[in-house]
Amino acid sequence: MMSYLQKMGRSLMLPVAILPVASILMGIGYWISPAGLGVPGQTGTNPVAVFLIQAGLVLIDKIPLLFAVGLAVGLAKDKNGAAGLSGLVAFLIITTILSKDVVAQLQGVKPEEVALAFSKSTNAFIGILSGIIGGEMYNRFKDVKLPTALGFFSGRRSAPIMAGLVASLAALVLLFVWPAVFSALVAFGKSFVGLGAIGAGIYGFFNRLLIPVGLHHALNAVFWFDVAGINDIGNFWGNTGVLGQTGMYQAGFFPVMMFGLPGAALAMYRNAKDSKKKAVSALLVAAVLASFLTGITEPLEFSFMFLAPVLYLVHAVLTGVSLTIAALLHATAGFNFSAGLIDFVLTSRLPMANNPWLLIVLGVVMFAVYFLVFDFLIKKFNFTTPGREEDESTEGDANMTVKASDFNIPLLIEGLGGKDNIEATDHCATRLRLTLADTSKVDEAKIKSTGAVATRVLNKKNVQVIIGTEVQFVHDALAAQVK
């Protein structure tokens, strides 16, 4: 399970890498003219701001779609584009069936009578689910041969078709499950409305914890809007709340998004392998700017969410702590978009803002806490974070290479424990990356005699065979014989 989550994490790095630039474009545009995002009390538009905001917003809004395509391709054994198409097909089917208009037709009611859950059905969870369906259906059906009459649909063409069928079944299940889960979370949120600062902390914890499945919107509806009489955002902007209390379900996010997550990013950079620090810094710096300026945290959070789930759990706990402390200090600030510097500056002068400078002090503390905790845990438990993944290649791998034409594939199969022991094959720049039923059956001496440079047994299921720069051709020959 953990290895599959880490594979998902690596696969999501491609779409995640797109997001920081998009959020920075939004941040610049938002800074030029807050009206571009519909901030209450702001009128007029600036063409430059609108251009920049919309250029970035389209990608931020389409995160679920990017995840569906990117994850499907990443999970595909041969990284073929047909897997991405399969993920896209799954996403379109699920999101269309779960849309308010279609649900209204299915239920025979008006769109405004449809359960609130279906207004939030296009989320990261649906994107990830669609990506998994697309990737797995591609792996399962890419080599299927149909009867001659249906031959046109054989092989890779069958993958999107099967993804569509499975997605339809998934959508049918979600029609009944999604609103029930959503309603349960709303009821759960209402249950700790009266707990004051502790309730704010519990909300902050579950807000972060539910982001991977897209159900944080259910809790947000309880605390930010007028579902349970709190309407924290509306009252903060409308100056109709209680000074020092209204905004308590927003304020604690500022120290985390502006300071805490950048501290975590610094820890991840510090623990990245020296050979990967330069590449990792490009991602992390852009993601930090996005989080600090605009409060868009997805580029940072999804960079370690699946690679190291325990770290994400710690992040959720620390977010809850931040909201609790901010509420106890009666330090409040609000946001219209998210808890970044831009919203902090815009809202800190509003009548309902109370000692917002304390949030900056708390933020400095959270930066230190996040850095120290993440740094300790990454080292102590050797967590995989950006820049700490298994090496894709090394200089030694490239210098010591073997010609594919000279490679003894049958002997390699024997050295790996036989065809029945080989569950999955993949490769990077210089290495075969293999999943076996049992790595104890690996005969390293026999593999070495095939012409391989070296063998690395990683755990009970995974092994790498270092080939060199012609690894693709060795892999293709191996894959052809173990189908």
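This report describes the domains, nonpolar cores, strand pairing and selected residues of a predicted model.

**Domains and cores**

The chain is divided into three parts: domain 1 spans residues 1–186, domain 2 spans 192–390 and domain 3 spans 404–482. Taken over C-alpha atoms, the centres of domain 1 and domain 3 are 35 Å apart.

The largest nonpolar core contains 105 residues, and Ile94, Tyr203 and Phe302 have the most contacts inside it. Helix 12 (residues 253–270) supplies the largest share of this core, namely eleven residues. Because domain 1 (1–186) and domain 2 (192–390) both give residues to this core, it lies between them. In soluble globular proteins, nonpolar side chains tend to be buried together.

Beyond its neighbours within four places in sequence, Ile94 is in contact with Ile126, Leu129, Ser130, Ile133, Ala167, Ala170, Ala171 and Leu174. A second, separate core has 19 residues, including Ile413, Leu416, Leu432 and Val465.

Helix 6 is mostly covered, with 13 of its 18 residues buried.

Helix 15 (residues 309–328) holds Ser322. Leaving out residues up to four places away in sequence, Ser322 touches Gly252, Pro255, Val256, Leu362 and Met366.

**Strand pairing**

| Strands | Sense and bridges | Example partners |
|---|---|---|
| Strand 1 and strand 2 | antiparallel, five bridges | Thr425 and Leu434 |
| Strand 2 and strand 4 | antiparallel, five bridges | Arg433 and Gln464 |
| Strand 3 and strand 4 | antiparallel, four bridges | Ala454 and Ile466 |

Strand 3 covers residues 454–457 and strand 4 covers residues 462–466. A hairpin of four residues connects strand 3 to strand 4. Strand 2 is largely enclosed by the rest of the structure, because five of its six residues are buried. In a regular strand the side chains alternate between the two faces of the sheet.

**Residues in loops**

For "active site", an unreviewed UniProt entry lists Cys428. Cys428 is placed in the loop between strand 1 (422–427) and strand 2 (431–436). With a relative accessible area of 8%, Cys428 falls under the 20% cut-off and is therefore buried.

Asn231 is found in the loop between helix 9 (216–224) and helix 10 (232–238). Asn382 lies in the loop between helix 17 (357–381) and helix 18 (395–399). The relative accessibility of Asn382 is 54%, which is over 50%, so this residue counts as exposed.

Key: Residues numbered from 1 in each chain as written. Predicted model: local features only at pLDDT ≥ 70, side-chain atom pairs only at ≥ 80, totals over all residues. Heavy atoms only, no water. Core = buried A, V, L, I, M, F, W, Y, C linked by side-chain atoms within 4.5 Å. Buried < 20%, exposed > 50% of the residue type's maximum accessible area, 1.4 Å probe, protein only. Helix = DSSP H or I, 4+ residues; strand = E, 2+ residues; numbered from the N terminus. Domains from an automatic or database assignment. Contact = heavy atoms within 4.5 Å. UniProt positions renumbered as here; feature names shortened; annotations may be inferred. Pairing = 2+ DSSP bridges.
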